[in-house]
Amino acid sequence: MANLTIRGARKAYGATVALSRGDFDLKEGEVHVLIGSNGSGKSTLCKIVSGSVRPDAGEVLIDGKPVSIDGPRAARALGIATFYQELSLAAHRTVAENIGLPELPGKGGIFVDRARLNAIAERHISRFADVAGEGFSADTRVEHLREDQRQLVEIMKALATEAPILIFDEPTSSLDRAQVERFFEILRELKAEGRAIVFISHRMDEIFSVGDRVTVIRDGETVGTSQISETNPANIIRQMVGETELAVTEGAPPATVEAKAEAVLSVAGLSGKGFAGVSFEVRRGEILGFGGLHGQGQSAVLRSIFGVSPAAAGSIRINREERAIRSPREAIRCGLAYVSGDRGRDGVVHGRPILENVTPIHFLRNRLSLVRPGSLRERAAKPLSALKTRFAGYEQPVNALSGGNQQKIVIARWLIDRPDVLLLDDPTKGIDLQAKADLFALIRSLAAEGMGIVLYSSEDAELLANADRILVFNSGSVSRELTGADRTRYNLYHAAYEAA
Amino acid sequence: MSAVETRSSSRSGLGALVERFPFLPALVILVALLALNGWFQPNSLGFRAITGLISTYLALMMLAVAQTYVVYAGDVDLSVGAILSLVNCVIIVLMERWGGGGVAVLGAIAIGILTGLACGLLNGIVVAVLRLQAIVATFATSIFFTGLALYVLPVAGTPAPTVYWRTYGGRFFEIPFVFYVVVALAIILAIAVRARLTTQMLAVGDDPFKAFQSGLPVTAIRLKGYVLCGVFSALAALCITGDTASGDPLVGGAMTLYSVAAVVLGGTALSGGRGSVVGSVLGALIIGLINSLVFYVGTPSQWQNLVQGLAILLALMLGVLVTRRVRP
C-alpha cells in the first residue's frame, strides 16, 4: 500500500491559473476529502495525480520517492486509479467491457477471456445489484444506462483496477441515497484494507459520514488540512470563503427595484430534465441571479424557458400572458433573449462576417427577407458602439475577434430590437476582465431601461456584485432566496453546500 | 431524478437484435437484391454466376474489411485503393522477373503482403503518431503510393503467370478456389472479433480522450488499425490480381470510396465505436449485386452509372432508416 504527497503543484492555462500552489498529503488507510468552491482547482489537482494534466511546477512523491506521472498509463502503473467526474466510459461498449478496460483479461495472447471478464464484472455488479435499478447487467451497453447507473459503472471500473491509490472526483453527484450508502460501505472496506482514497464531494453530510481528514482548497491554493472529527461544516465553509471575506457584503448594489414594478417573466412549477418545481418572477428593471454549484439545474431552466428543450410541466408567463414555448424561434418572437457562455455552441456563426452575426434576430423578429446592407450596418452600429466592441470592419469574420469581443457581437444582436427578458447563461465564461466590466455595466443600464434580466453565473463574486436577488439552486430546485443584506458569500456557500 | 424514464425496458426485441448484430439491415437488403437478381435473370442465382460474383468482388470485400479496422477507431483510410494498386504492380513485376514458377509466386505474394504492411505502417505513423488529419494525410499518401506503383509498373498490361490466375479461377475437389478464400476470410474474421485489440479499437473510436484517460495506449491502437488495414489491402490486391490476371498501376483508384460505402452499408458508424466486419463484407456484396442488377435489368450503357448511384443511395437510406427506427 502507498502514501502520496504533492508539493507545490502549479498549473496555468495561458493567463488563467487553475492551480497556484497545491499541497496535499494522502496516507494509506484513510479517506481524504478535498473540498473547494467552483473552479478552485480540485479537479486540476486530481488530474495531475491521474496523469491527464501535466503540472508546470511542483513534485509528486509516492512513499517518499519522487515520481513523474506523464500519462494515465503511467498513473496506472504507479497504482493510481481515478473516477473521472465527466466519466471515462465507452458508450457503445457493454458494462463488462467498460469495467475490464483498458487491459481486458486475455487468453491465448490475443483473445479476450470472456469468462474471466464476466466474472470480474459480476463480482463488482453484485455488490450494487439491489441498488442499481432495472436494466443494469454485465452485457447492457452503457448508452442505455441512466446517469446514476453510468456513475456506478465508472465506480466499478476504478474498483476493478485493485489500485492502492483511488481518486474519486465527485462520484456521488447523480447517485441516490441507497447507492451512496452502498458505495460508502465499500469505501470503508477499502480503507480497512489499507487503500489510500481521495474523495471529492459537495455534500457536507457525505463528507462527515465517510471522511477521515479534509483539505480545503481556495483560489488554486490549498489552505489547510484538518481531522474531520475536529472540525464542523461551518468551519469548513469559513475556510473555503476566507476569513477576510466573511464580513464584507461584496459591495452589492442595493435592490433598487420597486416591489410594485410589474412582473415581466413569471415561471411557476417548471419541471424538466435536471430540474423540478422551479417558480420565480422577474420584475421590470430587476437582475435576478441564479447561484449554486455547477450543474444544479440553472442552465437547464434557462434553456427550457428559451425553448431549447421545452419543460415537461409548469407555466411560463411573459407580460402576464401565458405562453407555450416549444422552440427558440417562438421564444424570440415572445420577446425573450438568450446569451450563453458557450459561444462556440450557442452563439457565433463561425467563419461568417460580423454583420451577419449581429443581424439574424433583427431578420427573425421583423420577418425580413431582403434588406439593403447599408441600412443593416446603420442598425448594427448603435449596439456595437454602445458595447465598445473593437473590430476592423463589418465584413471581418467573427472568428478573428477575441472571446470577449465575440460575446459582445452575440449580445449586440439582441439589442437592435429590444427584448423584454434577457436570459444570461454564464455569459462571461472565458472573457477578459475589461470585457466583463463593460458587459455588466451594459446589463445594469438595460435593467434601468426596464428590461427583466436573469443572470446565471458560475462565478460567485460576479453574482454577488450584480444580482439584486439570488436564487440558490441545489439538485435541480431552488433551495434558498437571498435578498438585500443576506447576499453574502457565506450565505451563498452555505445554501449551495447544504445537504440535498 | 426519479422522473427519468428507464430506456432499457422500452427497448424492442428487434432493437436489441440489431444492436447485437449491426449487419442485420445489410443482410435484409442483400437478400432482397438476390431475389431481384433472380427475378430479372434466373441464371444469376446459379452456381456459376455466384462464383463469378464472388471472384469479381472478393477484392472489394477484403478492401471493405481493411477499411473497417480504421473506421472502428474513428479514423478513415483514403489510400486503400492506392495500396491495392501498388501491391498489384509489385507482385506482377516480381513474378515476371522471377520466372513465374510456383516459388516465384509464393515469394512475390509474401513481398506483396509486406508491402501492404509497410504502407499501413506509414499511414499509421502519419495519422496516429504525427496526428495529421486522417482524411487529408491518407489522401496524400494515396498519391504517393500511386506514384510508387507507376514507378514499379509504368504501363498497365503485364500479364500474371498462368499458374496464378488458373489457381484463383480454378477448382479443388469440385469447389471453386475463391470459396476456400471466403472460408479462410470467415475464420480470420471470427478470430478477430474475439481479439482484445478489436474491443480496444472500438473503445478508442467511441471517444479517444476518454479512452486515453482510461489508460488505453491510444496511439499504438490506432497504429495497429492502420497496419491491419494495409495488410488486408494487400490481400485485396492478391484477389484483384487473380481476377484481372494483369498489372495496372491505377486499378484500385476507384475502389477506395467503394470500400467506405461498403463499410457504411454494413452498419458501421463512420464516427467510430460501433460496427462489424461482417457488415462490411455484406456491404461489398450489396454493391456487387447492385452492379449486376443494373446490368440484368437491361439499363442502357449511358444510364448505368446514374442508376447504380441512385441504387446505392437508396440502399444507404434504407439501412439508415431501419437502424434509426429500431434503435432510437
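**Figure 1. Overall build of chain A.** The secondary structure of chain A comes to 18 helices and 22 strands, where helices (H or I, at least four residues) and strands (E, at least two) are DSSP runs numbered from the N terminus. The radius of gyration of chain A is 25 Å, close to the 23 Å that the globule rule gives for 500 residues, so chain A is as compact as a globular protein of that length; this radius is taken over C-alpha atoms, and the rule is 2.2 Å times the number of residues to the power 0.38. The model is a predicted one, in which local features need pLDDT of at least 70 and side-chain atom pairs count only at pLDDT 80 or more, while totals for chains, interfaces and linings use all residues. Residues are numbered from 1 along each chain as its sequence is written, and chains are lettered from A and ligands numbered from 1 in the order in which they are written. Along its principal axes, the C-alpha trace of chain A spans about 75 × 55 × 45 Å. Of the 500 residues in chain A, 47% are buried, a residue being buried if 20 or more other C-beta atoms lie within 10 Å of its own, exposed if 12 or fewer, and partly exposed in between, with C-beta atoms placed from the backbone.

Figure 2. A:Leu87, in the loop between strand 6 (80-83) and helix 3 of chain A, has a positive phi of about 65 degrees although it is not a glycine. A:Leu87 counts as partly exposed because it has 18 C-beta neighbours inside 10 Å. A:Asp426, which is not a glycine either, has a positive phi of about 50 degrees, and its place is in the loop between strand 19 (421-425) and helix 16 (433-448) of chain A. With 21 other C-beta atoms within 10 Å, A:Asp426 is buried.

**Figure 3. Overall build of chain B.** There are 15 helices and two strands in chain B. The radius of gyration of chain B is 20 Å, close to the 20 Å that the globule rule gives for 328 residues, so chain B is as compact as a globular protein of that length. Taken along the principal axes, the C-alpha atoms of chain B fill a box of roughly 75 × 50 × 40 Å, and buried residues make up 50% of its 328 residues.

**Figure 4. Where helix 10 of chain B crosses helix 12 of chain B.** The axes of helix 10 (residues 196-206) and helix 12 (residues 218-244) of chain B come within 10 Å and cross at roughly 110 degrees; such axes are lines fitted to C-alpha atoms, for helices over the stretch in contact, and angles run from 0 to 180 degrees between N-to-C directions. That makes helix 10 of chain B roughly perpendicular to helix 12 of chain B, given that angles under 35 degrees count as roughly parallel, over 145 as roughly antiparallel, 65 to 115 as roughly perpendicular and the rest as oblique. B:Leu197, B:Gln200, B:Met201 and B:Val204 in helix 10 of chain B meet B:Val218, B:Ile221, B:Arg222, B:Lys224 and B:Gly225 in helix 12 of chain B, two residues being in contact if their C-beta atoms, placed from the backbone, lie within 7 Å.

**Figure 5. The contact between chain B and chain A.** To this contact chain B brings 27 residues and chain A brings 26 residues. On the side of chain B that touches chain A, helix 1 (7-10), helix 10 and helix 11 (208-214) of chain B each supply at least two residues, and helix 10 of chain B gives the most, with six residues.

**Figure 6. The covered helix 13 of chain B.** Helix 13 of chain B is mostly covered, as 10 of its 11 residues are buried, including B:Met255, B:Tyr258, B:Val260 and B:Leu265. What covers these buried residues includes helix 3 (24-40), helix 4 (47-72), helix 5 (80-97), helix 14 (277-296) and helix 15 (304-326) of chain B. Just after helix 13 of chain B, B:Gly267 takes a positive phi of about 90 degrees.
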